[in-house]
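Hi everyone, thanks for coming. Let me put the structure up, and then we'll walk through it together.

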Amino acid sequence: MSWTDLAVNGRILIVDDAMENVQVLYQALRDEQEVLFALDGPTAIEIARQQLPDLILLDAVMPGMDGYAVCAALRATPEVQDIPIMFVTALSQPEDETRALEAGAVDFISKPFNVAVVRARVRTQLTVKRQADAMRELTLTDALTGVANRRHFNDTLELEWRRCARSGMPLAAIMIDIDHFKHYNDAYGHQAGDLCLQKVAAAMKQCASRPQDLLARYGGEEFILLLPQEGVAGATAVARRILDEVDALALPHAASPTSSVVSVSMGVAAIEPGESAGADLLIRSADEQLYRAKQHGRNRYCVASAGDAPARHSA
Ligand SMILES: Nc1nc2c(ncn2[C@@H]2O[C@H](COP(=O)(O)OP(=O)(O)OP(=O)(O)O)[C@@H](O)[C@H]2O)c(=O)[nH]1
């Protein structure tokens, strides 16, 4: 892959209160990039949060919320704070440029600009963004299974907790443990154990495919699935699917006292985030239910709500 290959197909958000300026930049970039635009700061922030562009080209002088205020607001918003911002402005003094860079911009272009220079600088910023994204992805991913690692899970849990608290939506988690995995390693070897972890993780990932769902490896053979905006009923349906999908893998486990094939036990919990409790309550609750599922014979899930009997796999 070459330097320019890395840079194509970015999504650019142009923010400028003058439509004619938007059009000039659009004409300059549309051959190489997907281009979005906003004519004011608040709309730009909303589009950035929803469309997650790879780069924002931001005018400095706009009525109401100016470019510096937009830049500060974006930098203070967790889900968009890493999107690079390039000022494209009629301002041209060194102090304007300094102010933009200090506000968190990565580049500053004064108008009138040269189209070829803008294109090249956009490509440069997109390449840097791609590389940063790739590095970030590595630090957030479990190397063996390719699902999120525990650190990624913890960060997402905090974010989703706050998001669900704001929107009054529930947040659910399923704690999942492969049954008798020590026996599996002992019987089939550590390499086969690794392969088993990969297959089980891939099967579970298919069971929760909404963009906000997050499957993470929580410990050795322990996984956790976070289901934002999902209550007990939805999470229980996902747990049932996981039981079926893992069973359908039909991975022989001759050393298991529970089943002839690899099986999982799960704890399901859901909560409406509020002032009185922290995110750790959700995890503790899912963990308690996992313990119950193990106690009741494994290859099943238990649900954190009064009166729920441990649900057994139908097979
Ligand atoms: N192959 C492999 N094994 C792992 C990995 N991480 C943890 N393990 C093994 O997973 C096993 C977990 O054992 P236990 O905690 O006793 O759990 P278990 O045997 O599944 O028993 P129950 O959970 O009670 O059904 C240990 O033998 C670990 O060595 C890994 O990355 N690869």
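Before we look at how helices cross, a word on axes: they are lines fitted to C-alpha atoms, for helices over the stretch in contact, and angles run from 0 to 180 degrees between N-to-C directions. Helices (H or I, at least four residues) and strands (E, at least two) are DSSP runs, numbered from the N terminus. Please keep in mind that this is a predicted model, where local features need pLDDT of at least 70 and side-chain atom pairs count only at pLDDT 80 or more, while totals for chains, interfaces and linings use all residues. Residues are numbered from 1 along each chain as its sequence is written.

Now, our pair of helices. The axes of H3 (residues 41-51) and H4 cross at roughly 30° and come within 10 Å. That makes H3 roughly parallel to H4, a label for angles under 35 degrees; over 145 would be roughly antiparallel, 65 to 115 roughly perpendicular, and the rest oblique. Which residues make the contact? On H3 they are Gly41, Ala44, Ile45 and Ala48, and on H4 they are Ala69, Val70, Ala73 and Leu74. Contact here requires C-beta atoms, placed from the backbone, within 7 Å. By type, the contact of H3 with H4 has seven nonpolar residues, one polar and no charged. For those classes, Ala, Val, Leu, Ile, Met, Phe, Trp, Tyr, Cys and Pro count as nonpolar, Asp, Glu, Lys and Arg as charged, and the others, Gly among them, as polar.

Next, the sheet. Five strands form an open sheet in the order E2-E1-E3-E4-E5, with parallel pairing; strands pair if DSSP finds at least two bridges between them. Strand E2 (34-38) and strand E5 (107-110) are at the edges with a single partner strand each, so one side of each has no neighbour in the sheet. Strands E1 (residues 11-15) and E3 (residues 55-58) run parallel and are joined by four bridges. Within that pairing, isoleucine 14 has leucine 57 in E3 as its bridge partner. Helix H4 (residues 67-75) comes back here: it packs on the sheet, touching E1, E3 and strand E4 (85-89), and its direction makes about 175° with that of E4.

Finally, the ligand. There are 17 residues around it, and Phe181, Lys182, Gly193, Gly220 and Glu221 come nearest; the test is a C-beta atom, placed from the backbone, within 6 Å. Strand E6 (171-178), helix H8 (181-188) and helix H9 (190-206) each supply at least two residues of this shell. Its residues divide into seven charged, six polar and four nonpolar.

Methods: Contact = placed C-beta atoms within 7 Å.
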